[in-house]
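Colleague: I should like to learn how to read a structural model feature by feature. May we take the strands, the loops, the domains and the chain contact in turn?

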Amino acid sequence: MNDVVKIPRRRFLARTLGAASALALAGCDRLSRTEWFPQVLASAEKLNAAAAHLVTSRKSMAQEFAESDLSSTFRSNGTADPETREYQAIAANAFADYRLQVGGLVEAPQRFSLADLRALPSRTQITRHDCVEGWSAIAKWKGTQFSALLAAVRPQAAARYVMFYCADPMEDDGTGFYYESVDMEDAYHPQTILAYDLNDALLPIANGAPIRLRVERQLGYKHAKYVMAIELVATFDSIAGGKGGYWEDQGYQWFAGI
Amino acid sequence: MPQALVSTPGDADYLYYRHTLPVRVMHWINVVALTILLMSGLQIFNAYPELHWGKSSYNGTPPLLEISARAGANGQMIGYTRILGREFDTTGVLGASRGADGTVVCAAFPSWATVPGTQWLAMARAWHFFFAWIIVINGLAFLAYAIFSRHLARDLAPTRSDLRSIGQSLKEHLRFRHPTGEEAKRYNVLQKLAYVVVIFGLLPLAVLMGFAMSPWLNSLLTGWVDLVGGRQSARTLHFIVAWLLVAFVLIHVFQVIVTGFWNNLRSMLTGRYRVQAEARHE
């Protein structure tokens with residue numbers, strides 16, 4: 001083969017490859033915006049959840065760390081200070097008027113003050129917080145064992161999920177409040193707590209005061225901050241976007257174990 | 001490589017059945033899956049464009065790698081990459097680059113290198129996990145096939161005489177002299193070692209470091225992630241392994257081109273590889 005033939009062929013190949021990859025890329029982006037393709041991709045989430053549950057037990061514990069592993073500061077992500085009048089009012093009073101409302105599919109709906117929550121059995125744990133973005137921070141949390149709270153309100157047999165409704169609006173117009181959900185397995189997990197202390201001090205507003213959820217085997221967005229109300233439900237299909245959480249409604253996985 | 005011949009060796013060129021159908025199918029599945037995994041992985045990296053060593057990202061030490069952007073004196077965005085404390089201006093590619101519509105976007109990896117092309121972590125994760133399952137299932141299927149068809153023992157495992165000829169093979173590769181004729185029907189020792197390292201080293205390591213980033217799988221066995229230095233180390237290793245795989249692919253494609261692009265491509269599409277007659281008389 002002589003060079004006269006070779007060079008145009010190489011150039012042709014390179015151009016074809018370039019054009020084909022640009023086309024493939026545009027195709028990927030177009031697929032991402034269809035109705036059906038993300039649903040195909042989302043099938044992997046069910047596999048992720050099934051595989052994760054298959055290899056671990058209900059009580060397998062997230063890693064706990066030593067004081068020497070503590071991060072110098074615990075990063076505040078998402079909302080740092082909910083600007084609603086309601087939240088600012090209870091915050092101004094050091095959350096003395098805060099009442100956590102627990103209802104839904106329970107035998108004994110109740111309202112808990114911070115003192116009530118502190119009176120329930122607590123757990124202290126040094127754990128690593130893994131954000132979906134990729135960063136990790138290690139902190140010491142103390143809070144009400146969620147299983148103790150459940151024992152107080154007595155879930156009905158039909159309850160399958162626990163909804164957490166938060167004080168922080170996610171939209172600029174003050175609507176779209178943050179919310180999250182976990183299943184009963186996570187709700188009863190020993191490390192699932194409603195944290196009121198961070199690193200031996202009161203939980204700061206930037207990190208979710210007066211209480212935030214810790215659900216240690218899942219990514220950060222599951223750990224709802226500024227929890228105002230809890231509801232036990234059989235399904236969350238008709239709540240907000242129907243996907244079980246604020247970020248889930250934006251396309252993030254409900255199973256945030258990976 | 002099955003021994004079945006398309007035609008018998010003689011003085012003329014002949015087609016040799018080099019790659020079986022399962023190997024060809026699994027190869028091309030890998031091409032698609034690895035490409036998507038890399039590009040969606042880069043989009044996931046863009047959500048937190050730093051790499052750390054240790055259990056957390058806030059342990060008082062600076063990142064090993066950081067890709068970011070800052071405004072220059074004239075307001076233009078300057079993209080920079082800081083590796084082990086040394087900063088490089090990477091405007092145009094890393095940190096700040098032009099998006100599909102031509103506007104400057106501040107993103108670690110540029111639009112043309114990521115899936116999706118614009119900042120969209122949730123969608124990148126969806127792509128990444130879907131194709132992670134594809135490559136794991138494909139890998140397990142390949143492993144089963146390679147063992148039971150003896151592809152592994154016959155074609156991939158280096159023999160003792162292979163290993164003795166590493167030096168010789170290295171010299172030949174560096175001079176771009178590659179086995180031809182009958183010798184080209186089998187993998188050479190460097191080729192075998194490259195495939196074995198990728199199949200049994202890099203790919204399983206990438207999967208394992210993926211598992212190490214999962215908070216749920218961290219609970220599998222207390223402290224197992226510390227064996228590789230912690231979750232942020234696992235993330236760093238996952239990133240490094242991804243680029244080692246890219247390096248492998250670049251060398252692989254280079255070798256494919258210099259040893260007869262169309263012949264190699266045909267053998268991975270139809271299975272048939274042309275063995276040159278004259279070469280056998282050398």
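Colleague: In which sense do β7(A) and strand β8 (residues 201-202) of chain A pair, and over how many bridges?

Modeller: Please keep in mind that this is a predicted model. For a strand pair, one reads the direction and then the number of bridges. β7(A) and β8(A) are paired in the antiparallel sense, with two bridges. A:Leu198 has A:Ala201 of β8(A) as its bridge partner. The two strands make a hairpin with two residues between them, and in the turn A:Asn199 has a positive phi of about 50°.

Colleague: Which other strand is joined to β7(A) by three bridges?

Modeller: That is strand β9 (residues 212-214) of chain A, which runs antiparallel to β7(A).

Colleague: How many of the six residues of strand β7 (residues 193-198) of chain A are buried?

Modeller: Burial is read residue by residue and then gathered over the strand. Five of the six residues of β7(A) are buried, and the strand is mostly covered.

Colleague: Why does A:Asp97 count as exposed?

Modeller: Here one counts neighbours around a single residue. A:Asp97 counts as exposed because it has 11 C-beta neighbours inside 10 Å, and the cut-off for an exposed residue is 12 or fewer. A:Asp97 belongs to the loop between α3 (85-92) and β1 (100-104) of chain A. Its C-alpha atom is separated by 8.7 Å from that of A:Leu114, although the two are 17 residues apart along the chain.

Colleague: Turning to chain B, in what order do the four strands of its open sheet come?

Modeller: In chain B the order is β2-β3-β4-β5, with antiparallel pairing. β2 (50-51) and β5 (86-89) are the edge strands, each pairing on one side only. Inside the sheet, strand β3 (residues 65-71) of chain B and strand β4 (residues 77-83) of chain B are paired antiparallel over seven bridges. B:Ala71 has B:Met77 of β4(B) opposite it.

Colleague: What distance does helix α2 (residues 121-148) of chain B reach from its first C-alpha to its last?

Modeller: One compares the span of a helix with the span expected from its number of residues. α2(B) has 28 residues and reaches 40 Å, close to the 40 Å expected at 1.5 Å a residue. Just after this helix, B:Arg150 adopts a positive phi of about 65°.

Colleague: How is chain B divided into domains?

Modeller: The assignment gives domain 1 (14-60 + 113-281) and domain 2 (61-107) for chain B. Taken over C-alpha atoms, the centres of these two domains are separated by 29 Å. Their contact takes 12 residues from domain 1 of chain B and 10 residues from domain 2 of chain B. On the side of domain 1 that touches domain 2, there are three nonpolar, eight polar and one charged residues. For chain A, the assignment gives domain 1 (1-33) and domain 2 (43-249), and their C-alpha centres lie 50 Å apart.

Colleague: What does the secondary structure of chain B come to?

Modeller: Chain B has nine helices and eight strands. Its C-alpha atoms fill a box of roughly 70 × 50 × 35 Å along the principal axes. Of its 282 residues, 32% count as buried.

Colleague: Which confidence values does the predictor give the complex?

Modeller: The complex has an ipTM of 0.92 and a pTM of 0.93. Chain B averages a pLDDT of 93, and 95% of the residues score at least 70. Where pLDDT is low, predicted coordinates should not be read in detail.

Note on methods. Residues numbered from 1 in each chain as written. Chains lettered and ligands numbered in written order. Predicted model: local features only at pLDDT ≥ 70, side-chain atom pairs only at ≥ 80, totals over all residues. Domains from an automatic or database assignment. Contact = placed C-beta atoms within 7 Å. Nonpolar A, V, L, I, M, F, W, Y, C, P; charged D, E, K, R; others polar. Buried ≥ 20, exposed ≤ 12 C-beta atoms within 10 Å, placed from the backbone. Pairing = 2+ DSSP bridges. Expected span 1.5 Å × (residues − 1). pLDDT = per-residue confidence, 0-100.
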